Every structure is written in C-alpha cells, then in structure tokens.
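Hi there,

Here is the structure I promised to pass on. Have a look at it first, and then read on for what turned up.

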Number of protein chains: 2
Amino acid sequence: MKPETEFMEGPTQRQRDVLDAVLRLLVEEGDKITMASVARRASCSKETLYKWFGDRDGLLTAAVKWQASKVRVSPVDPRNPDLQSLTESLEGYARDWLKVISSDTSIALNRVAIGHAGTGKDNLGAIVLENGRFAMAKRLKPVLEAGRNAGLLCFEDTETAFRTFFGLVGRDVQIRLLLGDWPGLTEAAIAEDAARATRQFLALYGVGKSHSVKHGRK
Amino acid sequence: MKPETEFMEGPTQRQRDVLDAVLRLLVEEGDKITMASVARRASCSKETLYKWFGDRDGLLTAAVKWQASKVRVSPVDPRNPDLQSLTESLEGYARDWLKVISSDTSIALNRVAIGHAGTGKDNLGAIVLENGRFAMAKRLKPVLEAGRNAGLLCFEDTETAFRTFFGLVGRDVQIRLLLGDWPGLTEAAIAEDAARATRQFLALYGVGKSHSVKHGRK
DNA sequence: CAAGAACCGTAACGTACGGTACGCGCACGA
DNA sequence: TCGTGCGCGTACCGTACGTTACGGTTCTTG
C-alpha cells in the first residue's frame, strides 16, 4: 500500500519526469489511465511504479502533490496599499485564479479528485482543495486585511469577504469547464473578467467616495 | 448500443423504479456501481437492463435524464414586481439553487457526469449542465428583465447579470461539496446565504435610493 | 385455458487491468 | 575486473465486471 520511503526530500528528477508523464496522460485520458499506459509513456517498468508509489492511488496522489508543488506563486503582500495598488493586487489574483482553473491540468486533476471523492478511498479531494481554493484564501486574506487596515475596505469577517470575491471571480466557470462545457476563456476574457470582478468587489466592500453599501448580517 | 425504442413516451413505472434504484446506488457508491448491483437492488435481471437501456452508459444517461425530469420547478414570473417581490423572488431562487446543489443526488450526479466528461464517450456533462446551470438561467432571466423593466434593476447584458448572481449565490460551495469538503449547509445557513447574495446583487445592480454603482465594461 | 411474450435469477464468457515475478542490461564502487 | 543493485521490458496471475445466454416463472391476450 505504501512505498518504503514516502520520499521525504521530494521526488528525484526521474520520479518527477514520471509524474509529469502521469499529469500529461491525465489530461489526455482522464481517470482511465492504466498503470501500463503510464509505464509505457514514462519509459519505465510497472514494477518501478509500484516500488516508488505503492499502488495506483499512491501514484495519483503523488502526481497531484507534485502538480501542487509546482504552482506555488509569489506571495506578494502589499503592506500599506493605496486604492490603486489594492485594485491591481485583486485583479492580479483574479487573473491568476482564472488562468489556473481554466488550465488543462487543473481541469483534469479536479476531475479525478472529484471522481475519487465519492469513494472515500483516498483524500485527493482534500489535497486539491488545500492547494486550490484554500491556498488562494491564504494568499488573498492578508491583502484584504491590509486593505481594511488602510481604510480602503470594510468588512467584518475576512472569510466571508474572500468567499464573495471568489464567487465574483469564478461564477459558473469552473463547473462548466469540469462538465465539459467551453466558456471560451481567452487571455483577454480573463483580464476583463478579473477587472469586472474586482470592480464589483470594491463596489460591495470598498469604502469609496460616492457610496458605502451595507452588507452585515440580517 | 441503443435499445430498439428510446422510450419515446418516457419510462414506464417499472423503469422509473429501476432508475430510482440507480440514483440511490449512485449516491451510495458513486461511479463504481455495477450492472449486477443495479440488478440486485432493483430486483430485475441484467438482461432486462440491457434490453431497456442498451449498455451501462445508456443506463447512466437514462438515470440522469430521469432525475432531470423530476426537478422541474414552478416557473414563477412576476410581471410587474416591486422591490419587495423582486427581492423575495431572488432569494427564493437562491435558496432553491443552494438546496439543489447541496443535495446528495445532485452531488453524486455531478460527480459521475464530471468523471465522464473527460472521456467524451457520452454527453452526461451536457445533460447535467442543461438541467442545472442553464435551466436556472432560463428561469431567472425573465425575473431579472422584469425587474429592469420595472426600473428596479439596471444592467446591459442579462447573461452577465445572471452569472454575477450565480457567483454570489454559489461562491465556493459546489466545488467544495464535489471535492468532498463539507461546508455545512443547514437550512438556516442556506436562507442566510440566499439573503446575503440577494442583498449583494441588489447593491450591484439595483437602482436604489442611496446609491448607483457603475458596472459597465471598461 | 393455451400460447407467447416479458422478465427474473444465475451461470458463463471474454477482456481489461491491478499487481507480481523474473531475466537482462547497465552503471558504479572495490 | 567483478560483483551488486537499480531499473527496464515482459510475461504472468487473479479478479472484477460488462455482456451474453439460458432455464424457469409470471403476466397478457385471445
């Protein structure tokens, strides 16, 4: 079930190559990839796969973690932002997020994680969530709170504010992509969506000159 | 691949019972349900399953369509709403939607549809999308436009306005549920979320007394 | 009631795939 | 130079499951 050493220092170069092959196959064939197809594509033997990753689930888990470790982005945290830099930060995060969720790899990974979420056999769903939605929250919350400290934003609960931003950015995009629909997210469309979401978020939570919108609980 | 008659008048009572059994099994076991387990649960023979539904995919497709046909809801369309009734309509739709996407059946169905979306073998994804996200749009758009005609809302593109509402209502709920997370949607939480989403939507698109927020394109 | 269809339960078949075993080549250290 | 070990390729095994076939039972219809 488990390899002797759960490579505590990260996978070796060769292992990383194998995991990249898994990711590519996942994009092409989805969850119906077979151990044999992985071995063929990665030019390694099945025995090696089992020695390194334990079993099929271990291989999938390792691939998901490997992908997660690749997408770490720069955690910029503007200390004392003005409205301009806050807006740019939010737009940047929104663009990054839309780019991620519309990428082939993310779609494929989310699909297999969702497929496995029903079985309870592994925790792929938790891993994807941790490195997707929750990682984004961790990155963004300091920005939101900095904006509040600077008197630019007004909210009580950071989590609620973040989730609102998340909804304004993502809308129906992710579910449509996962279900095979194609919302057509070009670079330009992403930029426009990010700008719109940021504008709407600031309209709701911004302490602007012309308006202040209530949004406390009932 | 296809049964002789694609039951043009809808499934018979017995067939509906079988499909209900499929739905129940889908909730319990996800996509790993077997033809044998369905036959056992539904007390029918495998031969009958193949005669009625062609093959495994046909059975799954029929089950998804059957579920879709069950959730048709009342298409209320307030003709000349005031702010009060518009708010209530929006909140009602939001509550319905949250209730649907957090139901066991919806989660299970979305999971199998997403799992199949990678393969291109069938169009489960399209069916789910058509009866989920797109059906909601079709129901809600007349309400939004009635609100605009009554001078309560202001937007250019109905689709864009709808997607904003969709995002404000759903936020991260659906993806978290699909990935096995449990946001804890009680009846009360749903009501509160629906109210908050409606409030935020009206803040963005409402022609209220105290403010008018710009949201046109750049 | 008789004849035939529909359907149930189960056995059987073929295949795909996860997992294992083994032989060979190649690199590296003594 | 000779082990020694890692990893590639491949053959093999067991099982699960989709699909088909068949005998027996119940339901419909004339």
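**What we found**

Of the 218 residues in chain A, 50% count as buried. Please keep in mind as you read that this is a predicted model.

**The fold of chain A**

Chain A has eleven helices and zero strands. Read from the N terminus, its elements run α-α-α-α-α-α-α-α-α-α-α. If you take the contacts in chain A between residues at least 6 apart in sequence, 72% of them join residues at least 24 apart. A pair to look at on your screen is A:Asp104 and A:Leu177: they are 73 residues apart in sequence, with 9.6 Å from C-alpha to C-alpha.

**Two aspartates to look at**

A:Asp104 sits in helix H6 of chain A, which covers residues 104-117. Is A:Asp104 buried or exposed? Its relative accessibility is 52%, and the cut-off for exposed is over 50%, so A:Asp104 counts as exposed.

A:Asp193 belongs to helix H11 of chain A, residues 187-205. This aspartate has a relative accessibility of 11%, and since buried means under 20%, A:Asp193 counts as buried. Which residues does A:Asp193 touch, leaving out those up to four places away in sequence? They are A:Leu98, A:Arg171 and A:Leu185.

**How the two chains are related**

Chain B can be laid on chain A by a turn of 180° and a shift of 0.0 Å along the axis, with an RMSD of 0.1 Å. The two copies are thus related as by a two-fold rotation axis.

**The interface**

How many residues does each chain bring to the contact? Chain A gives 43 residues and chain B gives 43 residues. Between them the chains bury about 3900 Å², and 65% of that is on carbon and sulfur atoms. On the side of chain B, the residues that lose the most area to chain A are B:Arg163, B:Arg171 and B:Leu179, together 18% of what that side buries.

In one salt bridge, the side chain of A:Arg133 meets that of B:Asp172, at 2.0 Å from N to O.

Several helices of chain B each supply at least two residues to the side that touches chain A: H6 (104-117), H7 (124-131), H8 (133-149), H9 (158-170), H10 (173-178) and H11 (187-205). The residues on that side of chain B divide into 17 nonpolar, twelve polar and 14 charged.

**A closer look at H7 of chain B**

In H7 of chain B, the buried residues are B:Leu124, B:Gly125, B:Ile127, B:Val128 and B:Leu129. What covers them includes helix H10 (173-178) of chain A, along with helix H4 (56-70), H6 and H8 of chain B. As background for looking down this helix, an α-helix has 3.6 residues a turn, so residues three or four places apart point the same way.

Happy browsing, and do write back with any questions!

Note on methods:
Residues are numbered from 1 along each chain as its sequence is written. Chains are lettered from A and ligands numbered from 1 in the order in which they are written. This is a predicted model: local features need pLDDT of at least 70, side-chain atom pairs count only at pLDDT 80 or more; totals for chains, interfaces and linings use all residues. Side-chain values use heavy atoms; hydrogens and water are left out. Contact means heavy atoms within 4.5 Å. Buried area is the accessible area (1.4 Å probe) that two parts lose on being put together, summed over both. A salt bridge is a side-chain nitrogen of Lys or Arg within 4 Å of a carboxyl oxygen of Asp or Glu. Helices (H or I, at least four residues) and strands (E, at least two) are DSSP runs, numbered from the N terminus. Ala, Val, Leu, Ile, Met, Phe, Trp, Tyr, Cys and Pro count as nonpolar, Asp, Glu, Lys and Arg as charged, and the others, Gly among them, as polar. Buried means under 20% relative accessible area, exposed over 50%, partly exposed in between (1.4 Å probe, protein chains only). Copies are superposed by least squares on the C-alpha atoms of residues with pLDDT of at least 70 in both.
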